[in-house]
Amino acid sequence: MKLPTWKEMPEGIVILDPGNAQEYETGTWRTFRPVVDKGKCINCLFCWIYCPDSSIIVKEEKMEGIDYVHCKGCGICSKVCPVKAISMVEEGSL
Amino acid sequence: MKTKNLIALEGNQAIALAMKQIDPDVVAAYPITPQTEIVQVFSEYVANGDVHTEFVTVESEHSAMSACIGASAAGARTMTATSSQGLALMWEMLYIASGARLPIVMTVVNRALSSPINIHCDHSDAMGARDSGWIQLWSESAQEAYDNLIQAIKIAESVNLPVMVNMDGFITSHAEEVIEPLEDEEVKNFIGEYKPLRSLLDIEHPFTIGPLALQDSYFEFKRSQAEAYRRVIPVVRSVAEEFAKITGRKYDLFETYKLEDAEIGLVVLNSTAGTAKEVIDNLRREGKRVGLLKPRLFRPLPVEEIKDTLSRLKVIGVMDRADTFGGFGGPLFTDIRSVLYDLPNRPIVTDYIYGLGGRDVTMEQIYKVFEGLEFIYKTGKVEDLISYVGVRE
């Protein structure tokens with residue numbers, strides 16, 4: 001995402017196009033990455049319910065993976081997973 | 001020629017009258033001495049149905065400014081008034097109003113800050129808000145405060161910045177003065193209908209106001225805000241010209257008094273300028289070439305205009321009704337001195353801190369200041385760069 005120069009800022013501290021938070025790539029904040037073992041996953045979708053950043057990708061009621069562009073690595077999905085299918089791996093080790 | 005409609009009003013009553021004629025959409029205010037009468041008289045106008053204003057009675061000045069910010073963001077023409085501790089309590093909200101570019105207009109009836117507690121005039125309240133991003137207009141008299149308040153609406157809404165209009169507590173706010181108000185219709189036509197840049201009530205165009213802006217955006221927002229102040233000076237001038245057309249009363253960025261051929265000048269804000277003019281008249285009769293510059297627009301500071309006007313002088317005394325504890329003289333002094341620094345033959349500038357906590361400002365004190373300036377003019381020697389006038393030694 002190209003950030004605007006000061007001359008391109010709107011007057012006042014405002015965001016004029018609502019719902020643009022998805023353009024903000026918060027995945028760069030992450031220090032630990034959730035990694036899914038689909039062999040263990042039972043598609044209960046607890047991770048999808050609890051994820052505060054809508055970063056669990058679901059298709060046809062199945063957990064398909066994680067949106068790493070937005071996932072901040074909070075680890076909630078890993079905590080709530082009843083079958084321990086999600087582990088948190090340090091970004092630097094990948 | 002139209003017959004002059006002259007009435008006797010106290011400064012606060014003149015402000016309340018201007019607010020009635022402006023008829024803002026929202027006023028959120030909390031009473032504090034010496035501003036109380038503004039809120040009191042205006043609330044009578046509300047109760048009597050003389051205005052259509054939604055008057056929000058709040059429990060503090062912090063809430064008053066917060067309510068003003070909400071109302072202004074919703075697209076309402078919004079006003080308030082305060083003094084001293086009330087302005088201090090608004091402090092964090094002042095920056096939010098200016099950063100969000102909300103054209104709120106507020107009268108500040110200047111009063112000393114605690115401690116010790118005091119209810120009388122000095123400028124420490126407004127000077128504390130000097131860097132808050134509010135445009136500051138200053139007024140020598142009730143007439144000037146009334147005229148400034150009406151012009152402030154047009155200035156604020158032209159540049160999307162909040163404006164505070166200052167007048168001296170008690171000296172101006174509670175003294176009865178003959179003033180010449182405008183007709184209601186004239187005020188209405190002069191300020192026109194408010195068309196906000198954007199409104200939170202406009203559900204067709206939703207937007208977010210006041211979001212978090214961290215390392216990647218905060219600086220750009222503040223840089224763009226800094227640029228907005230460049231537009232203020234021409235706007236203040238054109239609004240003043242338009243105002244002069246209907247009233248005959250001429251305003252500019254500052255007023256000069258007998259300064260054209262002066263060698264010694266005084267710079268002072270608000271009501272003390274009136275006393276200084278009398279002193280200058282007397283000194284002129286003795287053949288002394290003395291004059292005055294009274295700033296009207298203090299923020300943004302009209303740097304080039306002040307520099308041009310003061311460049312011809314040899315010695316300048318700045319009178320500050322506020323101190324900057326541990327700083328280098330009063331706030332007006334540091335500005336004026338800095339403005340003149342780049343001149344090849346810059347005048348000598350000294351500072352006189354006076355009138356704190358409503359200490360009476362006498363003509364004798366101002367004669368003494370001019371005496372000191374004359375000594376510097378003759379000898380080129382500055383014994384006290386920063387001194388205190390009217391304090392028991």
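Biologist: Which residue stands opposite Val14(A) in strand 9 of chain B?

Modeller: This is a predicted model. Strand 1 (residues 14–15) of chain A and strand 9 of chain B run antiparallel, joined by two bridges. In strand 9, the residue facing Val14(A) is Ile209(B).

Biologist: Which element of chain B gives the largest share of the side that touches chain A?

Modeller: On the chain B side, 17 residues are in contact with 12 residues of chain A. Strand 9 (208–209) and helix 9 (218–228) of chain B are the elements that give two or more residues to that side. The largest share is four residues, and it comes from helix 9 of chain B.

Biologist: Are helix 1 and helix 7 of chain B roughly parallel or roughly antiparallel?

Modeller: The axes of helix 1 (residues 11–22) and helix 7 (residues 142–159) of chain B come within 9 Å. They cross at roughly 25°. Angles under 35 degrees count as roughly parallel. Helix 1 and helix 7 of chain B are therefore roughly parallel.

Biologist: How many residues of the contact of helix 1 with helix 7 of chain B are nonpolar?

Modeller: Helix 1 of chain B contributes Gly11(B), Ala14(B), Ile15(B), Ala18(B) and Ile22(B). Helix 7 of chain B brings residues including Tyr146(B), Leu149(B) and Ile153(B). In this contact no residue is charged and one is polar. The nonpolar residues number 10.

Definitions and conventions. Residues are numbered from 1 along each chain as its sequence is written. Chains are lettered from A and ligands numbered from 1 in the order in which they are written. This is a predicted model: local features need pLDDT of at least 70, side-chain atom pairs count only at pLDDT 80 or more; totals for chains, interfaces and linings use all residues. Axes are lines fitted to C-alpha atoms, for helices over the stretch in contact, and angles run from 0 to 180 degrees between N-to-C directions. Angles under 35 degrees count as roughly parallel, over 145 as roughly antiparallel, 65 to 115 as roughly perpendicular and the rest as oblique. Two residues are in contact if their C-beta atoms, placed from the backbone, lie within 7 Å. Ala, Val, Leu, Ile, Met, Phe, Trp, Tyr, Cys and Pro count as nonpolar, Asp, Glu, Lys and Arg as charged, and the others, Gly among them, as polar. Two strands pair if DSSP finds at least two bridges between them.
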